[in-house]
Amino acid sequence: MEKAKKGRTERRRVGLLFDERMCKHKQAGGKHPENPERIRVIWDNLNAAGLLPRCVVLNAKESEDNHLALVHSKEHIDLIKTISSKNLKKMRKIANKYDSIYFNKGSSEAAYLAAGFVIEATERVAKGDLDSAFAIVRPPGHHAEESEPMGFCLFNNVAIATSVILNERPELGIKKILIVDWDVHHGNSTQKMFYKDPRVLVFSVHRHDSGTFYPESDDGSYNMVGEGLGTGYNINVPWEGGGIGDADYFAVWDHILLPVAKEFDPDLIIISAGFDAAIGDPIGGCCLSPYGYSIMLYKLMGFARGKIVMALEGGYNPTSLANATQACIEMLLDYKPPNRSLEDLPLKPTWPLIKTVRQALCIYWPILAVEIPDKVINMRLHIEVDAKLRQEEVYDRTLAEFEHARVSGSEDYFEGEIVLCEYVCNVLWPK
């Protein structure tokens, strides 16, 4: 969507941050899943699609230590700062002390750049220089703990940027930040860093598999809701298996995230944008489509005046990573839902999970205490409808109204589902 201003149209200002120097961080010998091609394929694909000229391509600098120190210990900062100056044997020995970590001569610079780029993107959006931004960075960050690297992550880029804005830049007027982590893995570190902070609502939807899916702990359980003043401000939606697709994520958005986001009313949204729940990812085992990611983003753009920063986390299938990222950039630029029909229904375990999470949170967010209508949960309407039925004028109108309510996250969503369900059951397909 383009914004009208003084009789003319003004394109949405979407920032892109990328630097080839982050590609210097790579595992010696063999091809690690978290490798330089991840960000190169994103950049090349955006260029081939003609999207780079439509964006504001930014340069940034390495993070400063005082910013890193807002969430990381001095010992950890010193480790990452000096690790690349050591010989390869020493780097390997140190890396082996940690969970799923490697180092090389480019690791220090890449880690400092990744953190600095996410800070820059967040500051630009917070100031209003940009409407939104996407930081195409690596190494990722949401597993990096306060005092140790973990899970391919060296610094927690999103947590650092969040802390800089809230604690170092009060003049920007950002008082509440919503972090949405849609990476297929639980953002263990992000959760811990803001577990007691009511200024930050941390929402993570991830595979949990009863604590056996990485990072293999109970921290990603739905009952981890925060502590102290932050109680109720940590939300986990833990999938208990793979095969999760668009309809499942849409249901979680509509019935958990969006109602809470409306009540929280954030000033800024930062997305830990992992794409390892995408179709074909060798690690995630889920099946989110590029369309699915774009609609998840679209539903969030109605909050915080559209101030959204996306920071790359995981995603290990080059094709799905490039396609999903492109879909998100196009959404940030155009802000309009793709012209596409309804998706399949959520998997059977999705509704019980949504009910469980809502029950755990409704004491903090009363809007979640409202019962989801049985007709919504039990509806078995599929997309593939006979062409003759699609020609029915009433059906087409009802379907269009329902689609608009579903995609926009309208409060009429439940009512629209019920109306459509009743019409199909009673008029089109009577017993």
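1. A crossing of two helices is called left-handed if the near helix is turned anticlockwise from the far one by less than a right angle, and right-handed if clockwise. Helices (H or I, at least four residues) and strands (E, at least two) are DSSP runs, numbered from the N terminus. In these terms, helix 5 passes helix 6 in a right-handed crossing.

2. The note concerns a predicted model, in which local features need pLDDT of at least 70 and side-chain atom pairs count only at pLDDT 80 or more, while totals for chains, interfaces and linings use all residues. Residues are numbered from 1 along each chain as its sequence is written, and side-chain values use heavy atoms, with hydrogens and water left out.

3. As to the overall make-up, the protein has 15 helices and ten strands. Of its 431 residues, 59% are buried, where buried means under 20% relative accessible area, exposed over 50% and partly exposed in between (1.4 Å probe, protein chains only). Contact is taken as heavy atoms within 4.5 Å, and among the contacts with a separation of 6 or more, 77% are between residues 24 or more positions apart.

4. Two packed helices are described by the angle between their axes and the distance between the axes. The axes here are lines fitted to C-alpha atoms, for helices over the stretch in contact, with angles that run from 0 to 180 degrees between N-to-C directions. For helix 5 (residues 107–127) and helix 6 (residues 157–168), the axes come within 9 Å and cross at roughly 45 degrees. That angle makes helix 5 oblique to helix 6, because angles under 35 degrees count as roughly parallel, over 145 as roughly antiparallel, 65 to 115 as roughly perpendicular and the rest as oblique.

5. Which residues make the contact between helix 5 and helix 6? Helix 5 contributes Ala111, Ala114, Ala115, Val118, Ile119, Thr122, Glu123 and Ala126, and helix 6 contributes Asn157, Val158, Ile160, Ala161, Val164 and Ile165. By class, eleven of these residues are nonpolar, two are polar and one is charged; here Ala, Val, Leu, Ile, Met, Phe, Trp, Tyr, Cys and Pro count as nonpolar, Asp, Glu, Lys and Arg as charged, and the others, Gly among them, as polar.

6. Within helix 5, Ala114 counts as buried at 0% relative accessibility. Ala114 and Asn157 are 43 residues apart in sequence, yet their C-alpha atoms are 6.7 Å apart in space. Neighbours within four places in sequence left aside, Ala114 is in contact with Met22, Val137, Arg138, Pro139 and Asn157.

7. Most residues other than glycine have a negative phi, and most peptide bonds are trans. A cis peptide bond joins Arg138 and Pro139, with omega about 0 degrees, and Pro139 lies in the loop between strand 5 (132–135) and helix 6. Tyr214 and Pro215 are also joined by a cis peptide bond, with omega about 10 degrees, and Pro215 is placed in the loop between strand 7 (200–207) and strand 8 (234–239).

8. Ser210, in the loop between strand 7 and strand 8, has a positive phi of about 55 degrees although it is not a glycine. Is Ser210 buried or exposed? With a relative accessible area of 58%, Ser210 is exposed. Ala304, in the loop between helix 9 and strand 10 (308–312), has a positive phi of about 55 degrees, but Ala304 counts as buried at 8% relative accessibility.

9. Helix 9 (residues 290–300) is mostly covered, with ten of its eleven residues buried. The axes of helix 9 and helix 10 (residues 318–334) come within 8 Å and cross at roughly 35 degrees, and the crossing is right-handed. The contact is made by Pro290, Tyr293, Ser294, Leu297 and Tyr298 of helix 9 together with Asn323, Ala324, Ala327, Cys328, Met331 and Leu332 of helix 10, and its residues divide into nine nonpolar, two polar and no charged.

10. Asn45, in helix 1 (residues 37–48), touches Ala322, Asn323 and Gln326, not counting residues up to four places away in sequence. Asn45 and Asn323 are 278 residues apart in sequence and 7.9 Å apart in space, C-alpha to C-alpha. The side chain of Asn45 also reaches the backbone oxygen of Ala322 at 3.3 Å.

Definitions and conventions: A polar contact is a pair of N or O atoms within 3.5 Å; within protein, one must be able to donate a hydrogen and the other to accept it, and residues adjacent in sequence count only if both atoms are side-chain atoms.
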